[in-house]
Amino acid sequence: AEVAVDGFFLLSGYLIVKSWDSAPHILPFMSKRILRIYPGFIVASLICALVVGPLGAEPVAYFFQLDPSRVVYGILRLWGPLVPPVFAGQPHPSVNGAMWTIPFEFACYLSVLVLGLSHLVKHREGWLVITAGIFAAVICQKLGFQPSLFGYSFNLEHPLLRLGSFFYTGGSYYLLRDRISFRPRVAQVFGVVVFIAMFNSASAEPVLAVL
């Protein structure tokens with residue numbers, strides 16, 4: 001499941017940066033992003049709240065506790081459906097645990113907009129510096145290093161850092177597409193390295209993203 005999510009953010013970074021590069025304007029970019037996310041998210045949330053939720057709880061009590069305003073609030077914030085407790089006693093007592101990545105995906109969209117307006121998407125060196133910084137934070141977290149500045153400790157365990165490292169790597173692949181060529185022998189070597197790295201939690205994701 002984690003590899004699938006990582007792969008999704010990797011591909012998304014490539015395609016979203018390409019989208020901005022093709023049409024670097026706020027309204028077309030954001031309209032595409034909103035239409036990409038919200039219609040499906042609304043439908044999925046309503047199905048979870050009105051169909052799946054009652055199946056995982058006692059229906060009468062469930063609908064008595066269901067707060068439509070919270071459901072709408074969750075949809076607007078791109079959170080998983082805010083419904084009464086369901087699937088009690090299960091390992092993942094959530095009506096749809098897979099939706100947790102959506103707000104982070106949208107946050108990555110907004111970051112492309114900000115960097116695009118700052119012209120850092122066109123200047124790929126700046127994009128690469130940011131990507132390297134995100135990777136440095138991820139590696140510090142995996143090695144157990146907790147940096148601090150003026151007494152403030154940074155939360156390096158935030159999911160956005162890990163997912164953002166894949167998103168920004170995907171964007172880097174797009175920006176460097178003129179310098180990257182597919183070489184079968186190199187791909188085979190990288191494939192072996194990735195396979196070996198998968199057996200170590202500290203190296204698995206950074207190696208997967210880069211190679």
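This is a predicted model: local features need pLDDT of at least 70, side-chain atom pairs count only at pLDDT 80 or more; totals for chains, interfaces and linings use all residues.
Residues are numbered from 1 along each chain as its sequence is written, and side-chain values use heavy atoms, with hydrogens and water left out.

Now for the overall layout. The protein chain has nine helices and two strands, where helices (H or I, at least four residues) and strands (E, at least two) are DSSP runs numbered from the N terminus. Going along the sequence, the pattern reads α-α-α-α-α-α-β-β-α-α-α. Along the principal axes, the C-alpha atoms fill a box of roughly 60 × 45 × 45 Å. Of the 211 residues in the protein chain, 36% are buried, buried meaning under 20% relative accessible area, exposed over 50%, and partly exposed in between (1.4 Å probe, protein chains only). Among contacts (heavy atoms within 4.5 Å) with a separation of 6 or more, 68% link residues 24 or more positions apart.

Next comes the inside. The largest nonpolar core holds 41 residues; such a core is a set of buried Ala, Val, Leu, Ile, Met, Phe, Trp, Tyr and Cys residues joined through side-chain atoms within 4.5 Å. At least two residues of this core come from each of α1 (2–22), α2 (26–55), α4 (68–76), α5 (102–117), α6 (124–142) and α7 (159–175). The biggest giver is α5, with eight residues. F9, V112, W127 and F167 have the most contacts inside this core. Setting aside neighbours within four places in sequence, F167 touches F9, S12, G13, I16, C108, Y109 and V112.

Which residues does S12 meet, beyond its neighbours within four places in sequence? The partners of S12 are E105, Y109 and F167. S12 sits in helix α1 and is buried, at a relative accessible area of 8%. The C-alpha atom of S12 is 6.9 Å from that of G170, although the two residues are 158 apart along the chain.

G170 belongs to helix α7 and is buried, with a relative accessible area of 0%. Neighbours within four places in sequence aside, G170 is in contact with L10, G13 and Y14. L163 is also placed in helix α7, and its relative accessible area is 0%, so L163 counts as buried. With neighbours within four places left out, L163 contacts V5, D6, F9, W100 and F104. Its C-alpha atom lies 8.2 Å from that of E105, 58 residues away along the chain.

The structure has zero disulfides, a disulfide being a pair of cysteine sulfur atoms within 2.5 Å. For C140, the nearest cysteine sulfur belongs to C108 and is 20 Å away. C140 is partly exposed, with a relative accessible area of 23%, whereas C48 is buried at 5%. As for charge, the protein chain carries 14 positive and 10 negative side chains, and the centres of the two sets are 11 Å apart. Lys and Arg count as positive and Asp and Glu as negative, with His and the chain ends not counted; each charge is placed at NZ of Lys, CZ of Arg, CG of Asp or CD of Glu.
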